[in-house]
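This report goes through the structure shown below. It begins with the make-up of one chain, moves to the interface, and then takes up individual residues.

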Amino acid sequence: MSDDHLASLYAGWTEVVPEAFRMLMPGAASAANPAAPSASAAAPGRAATPFPVAQIGATLGVFDGVLTQLYQSYLPLFAQGKVTAEPFEAMAQTASKAFDAMLLPLQQTPVGLPSADAWPTLSASALPGAAQLQLGIERTFGGLGEAFGLGPARQLQEAWREMLVASVAKQRAQAEYLALVAQAFATGTTTLMRELQAMAARGERVESLLAFIRMWAKAVDAPLHDAMQHGAGLDATAKVIRASTAHRQQVQTLVGIASTALHVPTRDDMSEAFREIQELKRELRRLKRALPAAAQKKLVARKERAA
Amino acid sequence: MSATGSRSRKAGARAAPASAPAAAAAAPAAAPAAAKPAAALPFAITPDAMLKELAALRDKLAQGAKRLGDFTEDDLAIATTPADEVYREDMVRLYRCRPTDAKRKGIAVLIVYALVGRYQMIDLETDRSFVRKLLAEGIDVYYLDWGNPTQAHRWLTIDDYVSGYLDNCVDVVREREGIEQINLMGICQGGIFSTCYAALFPEKVERLILTVTPIDFHGDIGAQVRGSGYMNLWARSLAPADIDALVDSMGNSPGTSIGFSFLMMNPIGNLAKYSIELLDILDDDQKLLGFLRMERWISDRPNNPGEVVRQWFKDLYQGNKLVKNELVLDGRVVDLKRITMPVLNIYAEGDVVVPNSCSQGMQGRFGSKDYTELGVPGGHIGTFVGGKAQKILAPSIVKWLTERKRSRTPKGA
């Protein structure tokens, strides 16, 4: 397979690395963007390297940036001398609240979108004067447009509206999922604080920030699994899948209308052709099975020779 | 399938005894209950020490990046055991490994891998190759590469794989080896295909070997283990209509989506793998090479035909029809009682992709009177590539096959 195909998984996942570690950054640093990859750990030149050297090199670069930012964000805290659980608990709460805040606007139904009447209003907000213009076009060319086969324009507009509604629903489902993730991270951080206090009581100490980062990763692992394997987590996962599917269907509808209008074979046309080919192959298999054994042998030998 | 990397097992902090003053300051008991000042955490980190640690880590990362750049294509090559293509149909290829100098036992095995990953996992590295271990024991090895389905293959069903591609490949092996029945070994999803095949075509299978294969897809219900069996849970949390909509809108399930779903089964473990755990292997060439080769395999996920996904989710994950003898392929019921040949069922003791409860205890399910179950250390993939498992898996299979070896019945005799 092509390197682009293979690399796409890395592109998606390595973006998650700085996002996750940001949950561990105290104070203002958590709001900042993750540090850019440093030159010192830059990926080797992609063209000259075998897969996945460039991808892992880039991952090292991302992690270098994350570490630098993490260490810098903890410097003021450790400079104070005594470190308590308060900043960490505040950090966990901040992360949860940030996701709750993100959810708020998405909880409101986008009333303006599904309604055809509201559409000119929405258009007007994007392009001043557009509502009046659109009304004029509708009055003048509406019926004529339908008569001359320009109906797809109306269908497209309707499908576009539906797609936007589906897009908002998808974002809402994703935000609900992320809120659960943030809550699990907060639970993990609280557990870690308890562990640290128990360590303090036993007279043990943490001597390196890297060790602390490892402890944190271990602490958030269990609550994340607990959240995602049970009730709300599974519901949220299903909801994301459902909403993403609905959105994809709306996009396909949109493309289908445009393809039909332009006399381009649609996805359904192609799919139907593939289905018929597969049916014919099955029929061939059934016929082959019905052949006497000797004839079957010849068929296999012929296929083998062809290979 | 997954091989999503080891979970973060590092304890994190080295528990060092605190000095007396530090311990006294850190002990919660030292704080008066009434005023309740925030208890100090047991950090013994100074800004200077932090900066030194950061500099050392960045240096290690830079050295690691440089080391990465020195690796060549040959260094990272996987599946290097010499093999010849002996049959092809559509995107499917059948290979026969070239025998080594080892004395041949007169036993041929066809290995059937899953659709969700590539067959190279059975031959990942020269010194961690399941295939090479079989060859070294004198076994003749055939294996299937299912290829990468395109949208043109979206209507392929499990039956097309079992009664079509697999049956044709079995016939080729029978012809080449001049035998009536073959030894069939299935891995994970390939184990399901092999099970279905053995039930539908028992006359062509001499012995059946299943590895990390979920036979009872509801075995995990009531036996939930943290971090295990995500695919079972996700599939059951969807409504049948959701699955239909998903398949209808996607056609094939893209390989990258499948890859991402495996990563999501262990999100923190996989974040650690590309960050804090990667740090630990940067100065060890052998470990780094092993990591890169595994990554090469993990990221190469083929697309899965939509209709296979639909059957897999609705009939197996949701309906659990295989173990109930209710699975119907092309109008024929897959009856496990028709599997009367010897069966070796191997499960991975640390498998979180296929929970042990889904693959263990299948004795009464098959018609076979010769049923053996074997637990092997390691996870779903570790069973095939892990150091401990390598010493057990191939030798156990060869021993089991050899003990049951009967004189070859020439084809047509």
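Of the 413 residues in chain B, 61% are buried. The model is a predicted one. Chain B has a secondary structure of 17 helices and 13 strands. When contacts in chain B between residues at least 6 apart in sequence are taken together, 80% of them join residues at least 24 apart.

## The interface between chain B and chain A

Chain B brings 112 residues to the contact, and chain A brings 97 residues. Together the two chains bury about 9,500 Å², with 65% of that area on carbon and sulfur atoms. Across this interface there are 9 salt bridges. One salt bridge joins the side chains of B:Arg58 and A:Asp64, at 2.8 Å from N to O. The number of residue pairs in polar contact between chain B and chain A is 32, counting pairs with both residues at pLDDT 80 or more.

On the side of chain B that touches chain A, the element giving the most is helix H2 (residues 47-70), with 13 residues. That side of chain B is made up of 59 nonpolar, 25 polar and 28 charged residues.

B:Leu282 has contacts in both chains. This residue sits in the loop between helix H11 (276-281) and helix H12 (285-298) of chain B. Leaving out residues up to four places away in sequence, B:Leu282 touches A:Leu60 in chain A, and B:Lys60, B:Leu61, B:Gly64, B:Arg67 and B:Leu288 in chain B. B:Leu282 has a relative accessibility of 1%, so the residue counts as buried.

## Backbone features in loops

In chain A, the peptide bond that runs from A:Phe51 to A:Pro52 is cis, and its omega is near 0°. A:Pro52 belongs to the loop between helix H2 (16-22) and helix H3 (53-79) of chain A.

A:His263 is not a glycine, yet its phi is positive, at about 60°. The residue lies in the loop between helix H9 (231-261) and helix H10 (267-290) of chain A. With a relative accessible area of 73%, A:His263 is exposed.

B:Ala79, also not a glycine, has a positive phi of about 55°. Its loop runs between helix H3 (73-76) and strand E2 (83-89) of chain B. B:Ala79 is partly exposed, with a relative accessible area of 22%.

## Accessibility of selected residues

The table lists residues discussed in this report.

| Residue | Relative accessible area | Class |
|---|---|---|
| A:His263 | 73% | exposed |
| B:Ala79 | 22% | partly exposed |
| B:Arg128 | 22% | partly exposed |
| B:Ser253 | 17% | buried |
| B:Leu282 | 1% | buried |
| B:Cys358 | 1% | buried |
| B:Cys169 | 0% | buried |

## Two further sites in chain B

B:Arg128 is part of strand E6 (residues 128-129) of chain B. Apart from neighbours within four places in sequence, B:Arg128 is in contact with B:Gly290, B:Phe384, B:Val385 and B:Gln390. B:Gln390 is 262 residues away from B:Arg128 in sequence, while the C-alpha atoms of the two are 7.1 Å apart. The side chain of B:Arg128 also makes a polar contact with the side chain of B:Glu125, at 2.2 Å.

B:Ser253 occupies the loop between helix H8 (240-250) and helix H9 (255-263) of chain B. Its contacts, not counting residues up to four places away in sequence, are with B:Ile258, B:Asn303, B:Asn304 and B:Val309. Buried or exposed, what is B:Ser253 at 17% relative accessibility? B:Ser253 counts as buried, because buried means under 20% relative accessible area.

## Cysteines

How many disulfides does the structure hold over all chains? The number is 0. B:Cys169 is in no disulfide, and the nearest cysteine sulfur, which belongs to B:Cys97, is 14 Å away. B:Cys169 is buried, at a relative accessible area of 0%. B:Cys358 is likewise in no disulfide; here the nearest cysteine sulfur is that of B:Cys188, 11 Å away. At 1% relative accessibility, B:Cys358 is buried as well. A disulfide needs a pair of cysteine sulfur atoms within 2.5 Å.

Methods:
Residues numbered from 1 in each chain as written. Chains lettered and ligands numbered in written order. Predicted model: local features only at pLDDT ≥ 70, side-chain atom pairs only at ≥ 80, totals over all residues. Heavy atoms only, no water. Contact = heavy atoms within 4.5 Å. Buried area = accessible area lost by both parts, 1.4 Å probe. Salt bridge = Lys/Arg side-chain N within 4 Å of Asp/Glu carboxyl O. Polar contact = N/O pair within 3.5 Å; in protein donor to acceptor, adjacent residues only side chain to side chain. Helix = DSSP H or I, 4+ residues; strand = E, 2+ residues; numbered from the N terminus. Nonpolar A, V, L, I, M, F, W, Y, C, P; charged D, E, K, R; others polar. Buried < 20%, exposed > 50% of the residue type's maximum accessible area, 1.4 Å probe, protein only.
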